[in-house]
Amino acid sequence: MRISVASDHRGFQIKEQICDLLRMRGHEVDDAGTCGPESVDYPDFAAIVAKKISNGSADRGILICGTGIGMAIAANKFKGVRAAPCTDEVTAEVSRRHNDLNVLCLSADLISPRTVERMIETWVNTEFEGGRHSRRLEKIRDLEDQNYGPQ
C-alpha cells in the first residue's frame, strides 16, 4: 500500500516512528514532512497528503498534529478525502469498516506511542465493509459533487 505521512512540529517524532513501522510492514511510505521540530503550520502538510489522496498518487494518508483535529479539518477540504481524528483501536477500526477512512489523523499529545502503533496496525489491516455503508459514502460523494463539481 502507498501511504503518505505528514505532521506538524508537534507530531514530528511520532511521524518518524510511524514511517519506520510502515516500512517494516512492507508499505511504500511517502514522508511528506515536516523534517524537524521547528514550528510549522499544519494546514500546509495536511494539503500535501490530501492532494495525493485526492489525485490517487497515494492509497491512504496519516497526519499527526497536537490533537489530530486541525489536520482533519484541513485535509477534508480536498475532494475524495475522508479524514478523521481517531483516538483508539476501536475508532480506527470503525473508521475503516464503516467510513472507508482514507486519512487517519492522530494526536501527538494525547495518545501514547504504543497506542498509536496498535491503531495504525488496526487501521491499515481493516477493510471497508461495504453494504449499507457504501450507500452512505455515495451520499457523501454526491455532497462533494454538489459543492465542488464532479471529479
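Select α4 (89–99) and helix α5 (residues 113–125): the two axes come within 8 Å and cross at roughly 20°. Axes here are lines fitted to C-alpha atoms, for helices over the stretch in contact, with angles from 0 to 180 degrees between N-to-C directions. The crossing makes α4 roughly parallel to α5, a term for angles under 35 degrees. The crossing of α4 past α5 is right-handed, that is, the near helix is turned clockwise from the far one by less than a right angle.

The model is predicted: local features need pLDDT of at least 70, side-chain atom pairs count only at pLDDT 80 or more, and totals for chains, interfaces and linings use all residues. Residues are numbered from 1 along each chain as its sequence is written, and side-chain values use heavy atoms, leaving out hydrogens and water.

Display the side chains between the two helices next. From α4, Glu89, Ala92, Glu93, Ser95 and Arg96 meet Arg118, Met119, Thr122 and Trp123 of α5; contact means heavy atoms within 4.5 Å. Helices are DSSP runs (H or I, at least four residues), as are strands (E, at least two), numbered from the N terminus.

Move to helix α6 (residues 132–148). Its 17 residues reach 25 Å from first C-alpha to last, close to the 24 Å expected at 1.5 Å a residue; the expected span is 1.5 Å times one less than the number of residues. Select His133, Leu137 and Glu144, the buried residues of α6 (buried is under 20% relative accessible area, exposed over 50%, partly exposed in between, with a 1.4 Å probe and protein chains only). Seen down the axis, the buried residues of α6 fall within an arc of 35°, so they line one face of the helix; the arc is that of the directions from the helix axis to the C-beta atoms. Their cover includes α4. On the face turned away from the buried side, α6 carries the exposed residues Lys139 and Gln146.

Now select α2 (42–55). Its buried residues are Phe45, Ala46, Ala47, Val49, Ala50 and Ile53, and they pack against β1 (2–7), β3 (60–65), α3 (69–75) and β5 (103–107). Asn55, also in α2, counts as exposed at 56% relative accessibility. After α2 comes Gly56, with a positive phi near 85°.

Finish at Thr34, in the loop between β2 (28–31) and α2. Thr34 is buried, with a relative accessible area of 7%. Beyond its neighbours within four places in sequence, Thr34 contacts Ser7, Asp8, His9, Phe12, Lys15, Val40 and Phe45.

How values were computed:
Angles under 35 degrees count as roughly parallel, over 145 as roughly antiparallel, 65 to 115 as roughly perpendicular and the rest as oblique.
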